[in-house]
Amino acid sequence: MTDKKNEDKNIEAKKKYYTELHDWKEQSMAGMIFEPGNSVYYETGSWRSMKPIWDADKCINCLRCFYLCPDSSILVDEDGKIAGIDYRYCKGCGICARECPEKINAIKMIVEGSDE
Ligand code: SF4
Ligand code: SF4
């Protein structure tokens with residue numbers, strides 16, 4: 001198996017491990033974290049019930065949503081402009097929609113799945 005395939009397999013195994021619920025006996029002592037940055041493997045968007053929809057035409061790139069999103073799910077491109085929402089991690093908390101300037105209203109919240 002190639003290094004790339006091994007790496008992909010390892011990432012998938014970690015995603016599975018960090019997303020599954022574990023018995024208290026399997027938890028680390030005092031909740032210590034032995035792998036810093038492991039939250040990247042936990043795709044919190046999987047249990048979102050509300051979903052933000054971003055309207056690029058309305059957005060004025062003030063970046064308020066970017067700074068205030070607790071999950072770093074607002075994507076910014078290399079020019080420093082909003083590029084979209086990373087739904088793998090967005091929990092649907094609605095902070096971005098709430099904090100988008102009232103007159104702009106470039107993000108609306110919908111029920112998860114209602115746009116499909
Ligand atoms: S709904 Fe919450 S988690 Fe999702 S992009 Fe907006 S602020 Fe971030
Ligand atoms: S808060 Fe609203 S206007 Fe500002 S960057 Fe985000 S989506 Fe665009």
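Tutor: Let us start with Cys-93, which is found in the loop between β3 and α3. Please keep in mind that the model is predicted.

Student: What makes Cys-93 count as partly exposed?

Tutor: Cys-93 has 17 C-beta neighbours inside 10 Å. A residue is buried at 20 or more and exposed at 12 or fewer, so with 17 neighbours Cys-93 counts as partly exposed.

Student: Which residues come nearest to ligand 1?

Tutor: Of the 13 residues around ligand 1, the nearest are Cys-69, Cys-90, Cys-93, Ile-95 and Cys-96. By class, that shell holds eight nonpolar, three polar and two charged residues.

Student: Which residues come nearest to ligand 2, and how is its shell made up by class?

Tutor: Around ligand 2 there are 14 residues, of which Cys-59, Cys-62, Cys-65, Cys-100 and Ala-106 come nearest. The classes in this shell are twelve nonpolar, one polar and one charged.

Student: Why is Ala-97 called partly exposed rather than buried?

Tutor: Ala-97, found in helix α3, has 19 C-beta neighbours inside 10 Å. Buried requires 20 or more, and therefore Ala-97 counts as partly exposed.

Student: Which residues is Ala-97 in contact with, leaving aside its neighbours within four places in sequence?

Tutor: They are Pro-52, Ile-107, Lys-108 and Met-109. For Ile-107, ten residues away in sequence, the C-alpha to C-alpha separation from Ala-97 is 4.8 Å.

Student: How do you know that Asn-105 is exposed?

Tutor: Asn-105 has 12 other C-beta atoms within 10 Å. The limit for exposed is 12 or fewer, so Asn-105 is exposed. Its place is in the loop between α3 and β4 (107–111).

Student: What is noted about the phi of Asn-105?

Tutor: Asn-105 has a positive phi of about 50 degrees although it is not a glycine. Most residues other than glycine have a negative phi. Asn-61 also has a positive phi, of about 55 degrees, and is not a glycine.

Student: Where does Asn-61 lie, and what makes it partly exposed?

Tutor: Asn-61 is placed in the loop between β1 and α2 (64–68). It has 14 C-beta neighbours inside 10 Å; since exposed needs 12 or fewer and buried 20 or more, Asn-61 counts as partly exposed.

Student: Why are β2 and β3 said to pair?

Tutor: Two strands pair if there are at least two bridges between them. Strand β2 (residues 74–76) and strand β3 (residues 82–85) have three bridges, so they pair, in the antiparallel sense.

Student: Why is α1 said to lie largely in the open?

Tutor: The number of buried residues among its 17 is zero, so α1 lies largely in the open.

Student: What makes Tyr-41 partly exposed, and where is it?

Tutor: Tyr-41 is in the loop between α1 and β1 (50–54). It has 16 other C-beta atoms within 10 Å, and because this lies between the limits of 12 and 20, Tyr-41 is partly exposed. Leaving aside neighbours within four places in sequence, Tyr-41 is in contact with Lys-14, Lys-15 and Tyr-18.

Student: Which domains does the assignment give?

Tutor: The domain assignment gives domain 1 (1–42) and domain 2 (44–116). Their centres, taken over C-alpha atoms, are separated by 27 Å.

Note on methods
Residues numbered from 1 in each chain as written. Chains lettered and ligands numbered in written order. Predicted model: local features only at pLDDT ≥ 70, side-chain atom pairs only at ≥ 80, totals over all residues. Near = placed C-beta within 6 Å. Nonpolar A, V, L, I, M, F, W, Y, C, P; charged D, E, K, R; others polar. Domains from an automatic or database assignment. Helix = DSSP H or I, 4+ residues; strand = E, 2+ residues; numbered from the N terminus. Contact = placed C-beta atoms within 7 Å.
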